[in-house]
Amino acid sequence: MGICFPYSKTVYAVCFPVIQLHTTGATMRVSQEVFEKAKDQLKLLKEDPGNEVKLKLYALFKQATEGPCSSPKPGMLDFVKKAKWDAWSSLGSLSKDNARQKYVDLVSSLVSSKSSIQVKDTTPDSKHGYETLQVTTTDNITKIMLNRPEKKNAITTQMYREIIQALEEAAKDDSVITVITGNGDYYCSGNDLNNFTNIPSGAIEKMAKDGAVLLENFVKHFIDFPKPLIAVVNGPAVGISVTLLGLFDIVYATDRATFHTPFSELGQSPEGCSSYMFPKIMGLSKANEMLLFNKKLTAGEAYAQGLVTEVFPDWTFEKEVWIRLKAYANLPKNSLALSKQLIRGVEKEKLHAVNCQECELLRERWLSDECMNAIMSFFGKKSKL
Ligand SMILES: CCCCCCC/C=C/C(=O)SCCNC(=O)CCNC(=O)[C@H](O)C(C)(C)COP(=O)(O)OP(=O)(O)OC[C@H]1O[C@@H](n2cnc3c(N)ncnc32)[C@H](O)[C@@H]1OP(=O)(O)O
């Protein structure tokens, strides 16, 4: 169903591209002249590039000329204004220069496409610049794959930062849904315990403080993620990779997966909003078995307790899950995102407060002898093997 956009003359000019641009390097600044040329060439485009592209052009134009969106959010029922406001706001703090560059690039791509209608590229668009992740977008799905299989995808501080960045990009890209999965036989073995080693004496308190700030920001990105977020749990999951599951919208697991939160063994405490979400999902006593007494769940048990949406036999897992996800990713993007935000919105404030409290407690726990001894014991046992 086509949506009729009642564009004003100016907006129409802004939104209908065509240009023969001299390409500028991605890092070069786009001159006013090139930008104006792009704007003019929009008017020459004969074919309608579609609402999504028009919205993107509108948003990039506004960002390039006025900077980040600061106008009040239109009401839910004012669909057109709301869609335009959403598109502009989704650019966040993108600089005017970058917005101009993206605008010119987009116009350029529309002009150079034979029919002047953007052809959707279905080849995986692999994002560069990540060392611990493999991030691709294809078939309307952004897949963030944890990519340290030799370390069971344990999360280093660099990986926390890269996941934050990947989520920020996925929130703004054209994808409809976002998937997190792991490379290799594990989904994830949780926090990389090396994050707590080799700390110079006297710097432990700073390490704990910085760790808590990073963790809070990391979890915040899951709480605030605006599109459907799906975990494809391809193998065992430990620690923070389990607790975060309560913030995903769907969790698919292979029957080989297990779910383990050994916090008290490590002298630590729950995070990822699990102290609130787990009792809510599975009831207090089942949550206590996991979060206090380190009970490792099988995939079947995790399903029975509502942590996992569906379990698949390992040998058909990838195939079945991806067929299903591709179908979901063909659903209308805005409808899905808005519905997710509606469902999650009710709890958001609470979740942020819980996140803050959990991080504060962990900051203290990381300074405790119980925690230090547990981490030394993990690496001590390994060195004796
Ligand atoms: C700075 C911000 C901090 C935020 C912190 C947020 C709080 C988070 C809490 C948690 O996530 S708690 C959970 C922490 N994780 C663990 O306790 C798991 C520890 N790992 C294991 O118990 C085992 O490795 C395993 C996962 C059960 C797998 O055992 P398996 O025998 O199959 O393989 P391994 O030979 O042990 O592992 C291969 C390789 O990977 C390294 N490795 C695995 N997990 C971790 C890890 N979490 N941290 C660091 N390294 C890990 C392991 O040492 C091996 O390395 P090499 O010996 O081959 O070099």
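Predicted model: local features only at pLDDT ≥ 70, side-chain atom pairs only at ≥ 80, totals over all residues.
Me: How do I read a pair of aromatic rings?

Reply: A pair of rings is described by the distance of the centres together with the angle of the planes. Nine aromatic pairs are counted here. One of them joins phenylalanine 35 and phenylalanine 61, with 5.7 Å centre to centre and 15° between the planes, so the pair is stacked, the cut-off being under 30 degrees. Phenylalanine 35 sits in helix α2 (residues 32-42) and phenylalanine 61 in helix α3 (residues 51-66), 26 residues apart. Phenylalanine 35 is buried too, with a relative accessible area of 2%.

Me: And what kind of pair do phenylalanine 196 and tryptophan 366 form?

Reply: That pair is tilted: the centres are 5.2 Å apart and the planes make an angle of 45°. Phenylalanine 196 belongs to the loop between β4 (177-182) and α7 (204-223), while tryptophan 366 belongs to the loop between α14 (348-365) and α15 (369-384), so the pair ties together parts 170 residues apart in sequence. Phenylalanine 196 is buried at 11% relative accessibility, and tryptophan 366 is buried with a relative accessible area of 6%.

Me: Which residues form one aromatic cluster?

Reply: Look at Tyr160, Phe218, Phe222 and Phe248, which form one cluster.

Me: Which residue lies over the face of phenylalanine 35?

Reply: Arginine 100 does, at 5.6 Å from the ring centre. Elsewhere, lysine 84 lies over the face of tyrosine 58, at 5.1 Å from the ring centre.

How values were computed
Residues numbered from 1 in each chain as written. Heavy atoms only, no water. Phe/Tyr/Trp six-rings, centres within 6.5 Å; stacked < 30°, edge-to-face > 60°. Helix = DSSP H or I, 4+ residues; strand = E, 2+ residues; numbered from the N terminus. Buried < 20%, exposed > 50% of the residue type's maximum accessible area, 1.4 Å probe, protein only. Lys NZ or Arg CZ within 6 Å of the ring centre and 35° of its normal.
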